Amino acid sequence: MKQNFAFDPDFLWGASSSAYQCEGAAAEDGKAPSVQDIKTVPEGTADFTVASDHYHRYKEDITLLAEMKARAYRFSISWARILPDGKENAAGIAHYHDVIDTCLSYGIAPIVTMYHFDLPAALEAQGGWSNPAVIDAYADFARVLFREYGDKVPYFLTINEQNVMILAGAIVGTGGSGQSARQLYQRNHNMMLAQAKAMVLCHQMAPSAKIGPAPNINVIYPASSRPEDYLASRDAAAMRNWLYLDLAVHGRYNVYAWNILRQQNALPEIAPGDMELLASAKPDFISLNYYATMTVQASAPVMPGTAAADQQSVFHVGGHFQTVKNPHPSKTPFGWEIDPLGFTAVLKEVYDRYHLPVMISENGIGLYDTLNADGTVHDTERIRYYEAHIAALAQAVKEGVEVFAYCPWSAMDLISTHEGFRKRYGFIYVNRTDDALLDLTRYKKDSFYWYRDMILNQGRF
Ligand code: BGP
């Protein structure tokens with residue numbers, strides 16, 4: 001495959017991670033447990049105590065990213081390291097100063113996700129996002145981040161994949177199973193308020209930094225050209241995508257989503273001042289995670305409850321839409337659809353709706369990579385995936401979409417949300433398995449060299 005379009009020389013080619021999935025050191029230097037540390041992990045799947053040992057090896061990892069010519073590193077800050085018990089933890093704060101300074105010493109822009117699926121367990125015990133007190137707890141956390149890092153971090157992402165936490169919280173370990181739709185959308189409303197407070201605070205406390213939301217956005221295809229299926233696809237997009245982004249950008253509920261919530265008896269309670277707060281908070285950009293697309297058809301009025309298998313799959317609302325299999329795209333070994341043209345479509349639709357600059361904070365493929373005796377890892381399928389997706393990104397940019405960063409998932413191998421260490425995403429191989437820690441040595445995969453050369457060629461390959 002060839003891609004001849006030259007991206008802007010300042011384009012931020014990067015890579016991503018999240019604290020709980022790669023750091024380990026789960027109880028070190030004053031860190032308290034998060035919801036991820038207390039969840040039950042199935043037998044034979046790695047837990048989060050050591051993960052990729054990034055907490056101890058971040059210097060080596062960032063040095064490797066520099067060697068890969070990365071211009072950005074998108075990582076998350078562990079809330080439970082910064083405020084383990086509501087009080088500031090100097091060791092946790094110092095750690096992230098050092099991570100950020102290490103990035104800056106290489107000219108790598110640190111892109112900080114403020115919260116990536118790892119609510120402190122102590123807050124969860126008080127009801128988590130169902131308890132409105134967590135809104136202020138998040139604002140307190142945000143204040144520490146902006147005070148400490150606001151003058152050296154150019155981009156903050158408020159909340160990773162809030163829509164996935166609402167639609168598939170049980171799968172990504174953030175809870176919510178057994179909750180009614182009304183309770184879930186109350187949690188959602190509380191997260192929206194927390195995000196709004198963070199955006200306002202960021203602009204007050206860290207004027208040089210920019211801030212935006214980071215949902216997982218899909219294109220939703222109608223299963224056929226039947227008008228009923230087209231309308232179903234619009235409703236599904238309202239519920240999965242635009243509910244979140246309309247609130248983040250315009251400070252108002254998407255009317256079609258609101259209507260569906262009303263029919264489901266799931267309207268959140270809105271306190272005086274909430275809508276004013278939402279309207280006063282403005283993101284500087286939109287960040288999105290893109291992995292797959294979704295296909296729906298019109299659904300019968302009543303749907304039996306179906307449990308989702310993963311965060312990309314089943315999701316339905318009786319009388320509106322239900323997901324169906326799309327026979328066209330190929331699939332990853334873990335069953336996720338590979339749909340690069342869907343990526344072009346997502347970028348165009350998001351830009352068309354919001355006219356804000358776009359960052360890609362995740363995109364990537366989970367594979368069973370093999371380390372060879374000579375230290376090589378031939379992850380050709382990953383290279384093919386990036387070729388197709390970077391070509392799709394170039395297409396969107398050529399057509400006018402303002403994209404300024406691309407941070408694939410993931411920088412180094414780390415623990416998947418629910419499929420362990422065997423599902424690898426990194427440019428950098430980490431020598432451990434689900435069962436054995438081995439020596440955690442880092443190896444450069446073929447994709448590492450491919451990505452480096454692509455960056456040196458301004459996106460051409
Ligand atoms: C997103 C999350 C990441 C990540 C990725 C891959 O939903 O933001 O944390 O892990 O998906 O998903 P998985 O780990 O389930 O393969």
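Two strands count as paired if DSSP finds at least two bridges between them. Strands (E, at least two residues) and helices (H or I, at least four) are DSSP runs numbered from the N terminus. The views below show a predicted model, in which local features need pLDDT of at least 70 and side-chain atom pairs count only at pLDDT 80 or more, while totals for chains, interfaces and linings use all residues. Residues are numbered from 1 along each chain as its sequence is written, and side-chain values use heavy atoms, with hydrogens and water left out.

View 1. Strand β7 is joined to β13 (residues 358-362) by 4 bridges, and the two run parallel. Within this pairing, Ile286 has Val358 of β13 as its bridge partner.

**View 2. The open sheet.** The sheet is open and has 8 strands, paired in parallel in the order β5-β4-β3-β2-β1-β14-β13-β7. Its edge strands, β5 (210-214) and β7 (286-289), each pair on one side only. From one strand to the next, the twist averages 25°; axes are lines fitted to C-alpha atoms, for helices over the stretch in contact, and angles run from 0 to 180 degrees between N-to-C directions.

View 3. Strand β4 (residues 155-160) runs parallel to β5, and 4 bridges join them. Opposite Ile211 in β5 stands Phe156. β5 is mostly covered, with 4 of its 5 residues buried (under 20% relative accessible area, with a 1.4 Å probe and protein chains only).

**View 4. Helices α7 and α9.** The axes of α7 (residues 133-149) and α9 (residues 181-205) cross at roughly 25° and come within 9 Å. The two helices are therefore roughly parallel to each other (an angle under 35 degrees). The crossing is right-handed, the near helix being turned clockwise from the far one by less than a right angle. Residues in the contact (heavy atoms within 4.5 Å) include Tyr138 and Phe146 of α7 and Leu193 and Leu201 of α9. By class, this contact has 11 nonpolar, 2 polar and 4 charged residues; Ala, Val, Leu, Ile, Met, Phe, Trp, Tyr, Cys and Pro count as nonpolar, Asp, Glu, Lys and Arg as charged, and the others, Gly among them, as polar.

**View 5. Helices α14 and α15.** Helix α14 (residues 380-398) packs against helix α15 (residues 446-456) at an angle of about 25°, with the axes 9 Å apart. α14 is therefore roughly parallel to α15. Their crossing is right-handed. Among the contact residues are Tyr386 and Ile390 of α14 and Trp450 and Met454 of α15. The contact comprises 6 nonpolar, 1 polar and 3 charged residues.

Methods:
Parallel < 35°, antiparallel > 145°, perpendicular 65-115°, else oblique. Buried < 20%, exposed > 50% of the residue type's maximum accessible area, 1.4 Å probe, protein only.
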